[in-house]
Number of protein chains: 4
Amino acid sequence: MIMDVKRTPKGVRTKQRIISSSIELIHGKGIENVTLNDICSASGIAQGTFYHHFKSMDGILLEIIRGEGEEISALMESIEELSASEKLETLLKTLFRYYEQKGKEIVSQLYRLELKPEGGPSIIEEYLPIRPLIDRVIRKGQESGEFSKGESPDFLCSLLTSQIIFQSFLWIRSPCDASFSSFADKAVEPVIKLIKS
Amino acid sequence: MIMDVKRTPKGVRTKQRIISSSIELIHGKGIENVTLNDICSASGIAQGTFYHHFKSMDGILLEIIRGEGEEISALMESIEELSASEKLETLLKTLFRYYEQKGKEIVSQLYRLELKPEGGPSIIEEYLPIRPLIDRVIRKGQESGEFSKGESPDFLCSLLTSQIIFQSFLWIRSPCDASFSSFADKAVEPVIKLIKS
Amino acid sequence: MIMDVKRTPKGVRTKQRIISSSIELIHGKGIENVTLNDICSASGIAQGTFYHHFKSMDGILLEIIRGEGEEISALMESIEELSASEKLETLLKTLFRYYEQKGKEIVSQLYRLELKPEGGPSIIEEYLPIRPLIDRVIRKGQESGEFSKGESPDFLCSLLTSQIIFQSFLWIRSPCDASFSSFADKAVEPVIKLIKS
Amino acid sequence: MIMDVKRTPKGVRTKQRIISSSIELIHGKGIENVTLNDICSASGIAQGTFYHHFKSMDGILLEIIRGEGEEISALMESIEELSASEKLETLLKTLFRYYEQKGKEIVSQLYRLELKPEGGPSIIEEYLPIRPLIDRVIRKGQESGEFSKGESPDFLCSLLTSQIIFQSFLWIRSPCDASFSSFADKAVEPVIKLIKS
DNA sequence: GATGAATGAGATTTCATTCAT
DNA sequence: AATGAATGAAATCTCATTCAT
């Protein structure tokens, strides 16, 4: 596999194609039923080519999960100057969009991976650091006086984080095609009120 | 395969052996990693014998792990006459004990099963009905005036449920041997205060 | 794979067929060029069947090597009552026959396996215990007065063993079809004279 | 590929780098486990670059390991004028030092290569010509009357050669760090006595 | 001179299942 | 009731090599 090497535009394009084909396949038939062969057929590449771009079948999954995970952190960097309220709102919006873009299949796979007996480093902690991000925003908000100090930041952070995760659980399980926002919003809103008030 | 035919004691014993071996295996390596071969080796039977007792592998593992959850509902039948506060306390205590008795392995199994793409009926909803139970208790408490009506029962229920699930996540991932209570208590306590106040 | 299980005559026959096909193939195209597919085609079995009888591709090689290796030891048991000279003769004859039956390919593979960097337990020590067997015979012969005590048994044993191994080296490398005996005899004979005299 | 064309200094350097990386790899993991990918990673080149410098993988590894043996023949040129005993002693000393300098890894590589099914010209015969060298020394010694003529030179040569090879086998397999001399000396000494007397 | 992209045949292994005994 | 034999599709991964840039 290619390690830290220069990639040509062509290579980048191919890799992207593989990833998007894979995402589509995962949505279509469920992650456990997607085979290497499927991916290669869908991407129009040879199996060897797959291994030119990815370490293994597990590897691509991680790359998919990571994908915009990295962007989330990056995005948070650039909103430093906003007010705490706006930050919180942006964070949640970004998060929700992440969920929706990935889709139920991949989000559930993310959780399943996280819950695997073997353990290993937490994927969520690394690529989808919901809690630390929320924590920072709440603390800043309390410091600046924007958010109420009625409850400890730890508690509020726990409340919001757990609510998001729990709602994503329900969303994953729900048979309907409703967006994640439509699940999360109504549950998250009161928590936000609690944070602000 | 054996249909509704007379079974010899020996047959019954063998079948039981298969089931209990399977349970052990599931706990040990996770339901998705248990193969027919594993089961047969563990049970000391030939592969053919398995098919003498079961139609296929599909289902038996699922059936087995479902059995694990049946107990809790029964446990909750008998607390009707208590006060809302006591009920809530008992419910949580029972729940926490359930988690601890089952252990991280099985609880994470349960979640992973729940998150499995194929769907199927929700195992948690059916066998570990945290939310409905909590919901009932909170509603009763508000009706009887014991609990504050400052927040909607839906919201409070969601808060508590999500907190428990989230904490169990953290507990499962934690490398230490701390009891589940030690995780959950400190996070749940403020929520309860919120419910009561 | 079948572990310590009863095997039906049919199974035994199949397994034997696989082994002999494999030996033939190894002789024919060299051990590194024999694939699972080759073996299965030659034996007329499905690939799965191979794994019913053998743990892995490496596994069959070990079984092939072992094969009569076990018989050698067994055979030595049954000649206890012979004279030392006769024992020595029988031992060498058996050994030479072993080499010839296995053929150059397999014997060389045995050595190559033995010389592998990874180490692991000595295959030769375990399955083709030339040295211990020779050692015992020489000691017995000296004790009983049949063999001369002019040289230490250790030295004589080392002489004979090394000679056999060295000659097998030459034999393996030789392009002609000469039998191993024709190589070994002329080199071993003087050593035997030395032992006896 | 580069044929007999002008090479730039950069090209020469790259080629040299490929070769030395390969040598290291061979020593490290055994010639048959070195892949093109290994070589390229180790050399820090792209796979295509390899084919810019070499026609194919076949041969280059072999060629490299052969280079290892070239030295010893040269070393033996200069002892013509010594007495037979001294020659023998020098020869053995040189040989033993050769083994020790190369180390177990390479010596076993050499043997394994020698035993490789494909055959090809004997590497040992060509580059580590133990037997011819010993043979010459013994014959000279018998001719000059220095060594006893009690046994045929062929037999004595075979005895000594096989002993050295056999002991090197044992040395390679031994897990301890003892020098090769400490293995060989005690086994070789009686043979030398036999040659001289 | 050097590179990354792409190949595709081929290798080993897994596994749920059927069958004859 | 129980068993070992046999299956064969399918899965993942390896690797030397060619090619366009």
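**Interface of chains D and C**

I looked for salt bridges across the interface of chain D and chain C in this predicted model, and the rule gives three. I noted one of them: R173(C) pairs with E114(D), with the closest N and O atoms 3.5 Å apart. I then listed polar contacts across the interface of chain D and chain C and got nine residue pairs, both partners at pLDDT 80 or more.

Next I asked which elements of chain D give two or more residues to the side that touches chain C. They are α5 (84–114), α8 (153–173) and α9 (180–196). By class, I recorded 16 nonpolar, 10 polar and nine charged residues on the side of chain D that touches chain C.

I have 35 residues of chain D in contact with 34 residues of chain C. The two chains bury about 2,900 Å² between them, and 64% of that is on carbon and sulfur atoms.

**Helix α7 of chain B**

I compared the span of α7(B), residues 130–143, with expectation. Its 14 residues should span 20 Å at 1.5 Å a residue, and the end C-alpha atoms are 20 Å apart, so the two agree.

I also looked up burial in α7(B): I130(B), L133(B), I134(B), D135(B), V137(B), I138(B), G141(B) and Q142(B) are buried. For spacing, I kept in mind that an α-helix has 3.6 residues a turn, so residues three or four places apart point the same way. After α7(B) I noted G145(B), with a positive phi near 85°.

How values were computed:
Residues are numbered from 1 along each chain as its sequence is written. Chains are lettered from A and ligands numbered from 1 in the order in which they are written. This is a predicted model: local features need pLDDT of at least 70, side-chain atom pairs count only at pLDDT 80 or more; totals for chains, interfaces and linings use all residues. Side-chain values use heavy atoms; hydrogens and water are left out. Contact means heavy atoms within 4.5 Å. Buried area is the accessible area (1.4 Å probe) that two parts lose on being put together, summed over both. A salt bridge is a side-chain nitrogen of Lys or Arg within 4 Å of a carboxyl oxygen of Asp or Glu. A polar contact is a pair of N or O atoms within 3.5 Å; within protein, one must be able to donate a hydrogen and the other to accept it, and residues adjacent in sequence count only if both atoms are side-chain atoms. Helices (H or I, at least four residues) and strands (E, at least two) are DSSP runs, numbered from the N terminus. Ala, Val, Leu, Ile, Met, Phe, Trp, Tyr, Cys and Pro count as nonpolar, Asp, Glu, Lys and Arg as charged, and the others, Gly among them, as polar. The expected span of a helix is 1.5 Å times one less than its number of residues. Buried means under 20% relative accessible area, exposed over 50%, partly exposed in between (1.4 Å probe, protein chains only).
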